[in-house]
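Trainee: I have a chain open on my screen and would like to go through it with you. Can we start with a single residue and work outwards?

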Amino acid sequence: MSVHDELAIARHALIDLVRSVGRLQTRLGDVLDVRRVQEDADRLREDLDLLREGSAAKEPTPGPTQSEIVLIPQTPYDLSMWVGCDDEGIGSGHGPELRR
C-alpha cells in the first residue's frame, strides 16, 4: 500500500473521529474536555495535511512498467576490437585455432 493510500485511510478515520466528537458535544454540551478533543482533532487534520504535502514531494514517480529490451545481434564482433587484449580464456568467443 502506498503512502498516499495510508494517508487517505488516516484522513477517513479522522473524519469519523470529528463526527463522533460532534455527537459527543451535542450530548455533553460545550464542556472543556470536548473542546480539547476537538482542538486535538483539528491539530491532527493539519498534521495530516502537512504529511500529505511532504509525501507528495518525496513520492517516487513510477518508472516504466516494462523494462526496455536490448537486442544483441548474433553477428560476430569485429576482431579488431580485441587487438591488444589478453585472452585469459574466460568467456572467450575465439576458438582454440585463433589462440596463440
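Trainee: Is G22 buried, partly exposed or exposed, and what is its relative accessible area?
Mentor: G22 is partly exposed, because its relative accessible area is 25%. Keep in mind that this is a predicted model.

Trainee: Where does G22 sit?
Mentor: G22 is in helix 1.

Trainee: How far is G22 from V34?
Mentor: Their C-alpha atoms are separated by 8.7 Å, and the two residues are twelve apart along the chain.

Trainee: Stepping back, how many helices and strands are there in the chain?
Mentor: The chain has two helices and zero strands. Helix 1 covers residues 3-28, and helix 2 covers 32-58.

Trainee: What should the span of helix 1 be, and what is it in the model?
Mentor: Helix 1 has 26 residues, so at 1.5 Å a residue it should span 38 Å. The C-alpha atoms at its ends are 37 Å apart, which agrees.

Trainee: What comes just after helix 1?
Mentor: G29 is found there, with a positive phi of about 90 degrees.

Trainee: Which residues of helix 1 are buried?
Mentor: L7, L14 and V21 are the buried residues of helix 1. Over the chain, buried residues make up 8% of the 100 residues.

Trainee: Which residues does S55 touch, leaving out those up to four places away in sequence?
Mentor: S55 touches V3 and L7. S55 itself belongs to helix 2, and L7 is one of the buried residues of helix 1.

Trainee: Is S55 buried or exposed?
Mentor: S55 counts as buried because its relative accessibility is 15%, and the cut-off for buried is under 20%.

Trainee: What does the side chain of S55 reach?
Mentor: It reaches the backbone oxygen of R52, at 3.1 Å.

Trainee: Back to L14. How far is L14 from L44 in sequence and in space?
Mentor: L14 and L44 are 30 residues apart in sequence, and their C-alpha atoms are 7.8 Å apart in space. L44 is in helix 2. With a relative accessibility of 43%, L44 counts as partly exposed.

Trainee: New topic. How many salt bridges are there?
Mentor: The count comes to seven salt bridges. One of them is between the side chains of R11 and D49, at 3.3 Å from N to O. R11 lies in helix 1 and D49 in helix 2, so this pair ties together parts that are 38 residues apart in sequence.

Trainee: Are R11 and D49 buried, partly exposed or exposed?
Mentor: R11 counts as partly exposed, at 27% relative accessibility. D49 also counts as partly exposed, at 22%.

Trainee: What about R19, which residue does it form a salt bridge with?
Mentor: R19 pairs with D16, and the closest N and O atoms are 3.6 Å apart. Both residues lie in helix 1, three residues apart, which is about one turn of the helix. R19 is exposed, with a relative accessible area of 51%, while D16 is partly exposed at 44%.

Trainee: Where do R36 and D33 lie?
Mentor: Both are in helix 2, three residues apart, again about one turn of the helix.

Trainee: Which residues do salt bridges with shared partners join into one network?
Mentor: R11, D49 and R52 are joined that way. R52 is also the residue whose backbone oxygen the side chain of S55 reaches.

Trainee: Last topic, the surface. Which residues make the nonpolar patch?
Mentor: V70, I72, Y77, L79, M81 and W82 make a nonpolar surface patch of about 700 Å². L79 is in the segment after helix 2, and at 52% relative accessibility it counts as exposed.

Trainee: What does the accessible surface of the chain come to, and how much of it belongs to carbon and sulfur atoms?
Mentor: The accessible surface comes to about 9200 Å², and 56% of that belongs to carbon and sulfur atoms.

Terms used. Residues are numbered from 1 along each chain as its sequence is written. This is a predicted model: local features need pLDDT of at least 70, side-chain atom pairs count only at pLDDT 80 or more; totals for chains, interfaces and linings use all residues. Side-chain values use heavy atoms; hydrogens and water are left out. Helices (H or I, at least four residues) and strands (E, at least two) are DSSP runs, numbered from the N terminus. Buried means under 20% relative accessible area, exposed over 50%, partly exposed in between (1.4 Å probe, protein chains only). Accessible areas come from the Shrake-Rupley method with a 1.4 Å probe; for residues, only the protein chains shown count as cover. Patches are made of residues with over 30% relative accessible area and no salt bridge: like charges are joined within 9 Å, nonpolar side chains (Val, Leu, Ile, Met, Phe, Trp, Tyr) within 5 Å. A salt bridge is a side-chain nitrogen of Lys or Arg within 4 Å of a carboxyl oxygen of Asp or Glu. A polar contact is a pair of N or O atoms within 3.5 Å; within protein, one must be able to donate a hydrogen and the other to accept it, and residues adjacent in sequence count only if both atoms are side-chain atoms. Contact means heavy atoms within 4.5 Å. The expected span of a helix is 1.5 Å times one less than its number of residues.
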